[in-house]
Amino acid sequence: MTIYYIREGFRGIRRHLLMFFGSVAVIAACLTLTGSFALLAENLNYNVDQLIDENEFVAYLEDGMAADEAEALGADIEAVDNVREAVYISSEQAMETYKTRLEESGRLFADLPEDLLPARYTVYVEDIDQLETTVAQVEAIDGVNHVSVSLTVAEGFSSTRRVILAVAGFLLAALLAVSLLIIFYTIRMTMQRRMEEISVMKIVGATNGFVRGPFVVEGIVMGLASGALSCVLERAFYEVFQQIVESYQFSDLFYVIPFRQVRAVVFTVFLCGGLFIGIFGSVTAIRKLLKV
């Protein structure tokens with residue numbers, strides 16, 4: 001029976017090749033459009049996360065603290081919840097950096113003592129939303145004189161990420177709903193054009209399952225073909241997008257995730273999504289047509 005379904009399914013595809021290709025094109029277009037927007041949202045979120053990861057605050061140590069005591073303080077800072085890393089900067093390193101930034105006027109600072117600037121730690125956090133709490137905990141550690149941080153910038157990054165995720169989630173859900181609606185009616189129109197064929201099969205006594213079988217096979221082939229075409233289109237569009245960003249020298253401002261890093265996920269989602277759409281769309285669309 002399975003062999004019969006497969007044979008009849010492919011026979012139906014050959015007899016209605018134009019409708020089959022039309023359905024594949026519509027499904028692939030919807031999948032590619034939805035996938036492209038999802039990848040764009042992922043890239044935006046990644047770049048915001050990178051900015052957040054680079055956000056830091058500085059914990060200045062008390063004057064006169066011995067070098068070994070100052071270095072040992074790093075363990076206490078890193079023990080604070082939400083602290084990812086604490087990088088120690090000695091007084092000498094801080095002065096050297098300061099002189100480098102003012103290289104043209106370096107001769108003015110040549111005679112300044114190397115330990116003029118206090119030792120400090122550059123502290124990186126895991127979750128920027130907890131930055132204010134983390135700053136208070138680090139500032140309370142014995143040996144930390146004061147902390148320098150820009151909470152306004154941190155809150156701006158956090159708010160930006162929340163807005164991007166909310167807008168992307170809403171638009172992606174709306175786009176997916178519209179795509180599924182278009183796909184459903186495309187498949188349904190394809191099935192309705194074969195009403196006469198279904199009616200004849202029902203008249204000669206075919207059961208609903210017997211009639212549905214070949215159409216399910218068609219749906220599987222249609223879904224896999226749509227998913228495969230979407231993979232090809234998505235890769236081409238993504239590479240064009242990456243080339244545009246690089247050609248206009250936007251890469252310093254906006255990092256595009258290499259396609260090889262998302263290729264496995266994209267291909268899996270497209271193939272599985274196309275397969276699901278093909279089967280579900282065919283079964284749902286033919287359900288009413290079987291009541292003849």
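In helix α3 of this predicted model, residues A70, L73, G74 and I77 are buried, that is, under 20% relative accessible area with a 1.4 Å probe and protein chains only, whereas exposed denotes over 50% and partly exposed the range in between. These four residues cover an arc of only 120 degrees around the axis, which places them on the same side of α3; the arc is that of the directions from the helix axis to the C-beta atoms. D68, E69, E71 and A75, on the other side of α3, are exposed. Helices (H or I, at least four residues) and strands (E, at least two) are DSSP runs numbered from the N terminus.

The buried residues of α3 are covered by elements including β1 (56–61), β2 (83–89), β3 (120–125), α5 (131–139) and β4 (144–148), where contact means heavy atoms within 4.5 Å. Helix α3 lies across β1, β2, β3 and β4 and runs at about 170 degrees to β2. Axes are lines fitted to C-alpha atoms, for helices over the stretch in contact, with angles from 0 to 180 degrees between N-to-C directions.

The four strands form an open sheet in the order β2-β3-β1-β4, with antiparallel pairing; two strands pair if DSSP finds at least two bridges between them. Because β2 and β4 stand at the edges with a single partner strand each, one side of each is left without a neighbour in the sheet. The antiparallel strands β1 and β3 are joined by five bridges, and E56 has Y124 in β3 as its bridge partner.

Residues are numbered from 1 along each chain as its sequence is written. Local features need pLDDT of at least 70, side-chain atom pairs count only at pLDDT 80 or more, and totals for chains, interfaces and linings use all residues, while side-chain values use heavy atoms, with hydrogens and water left out.
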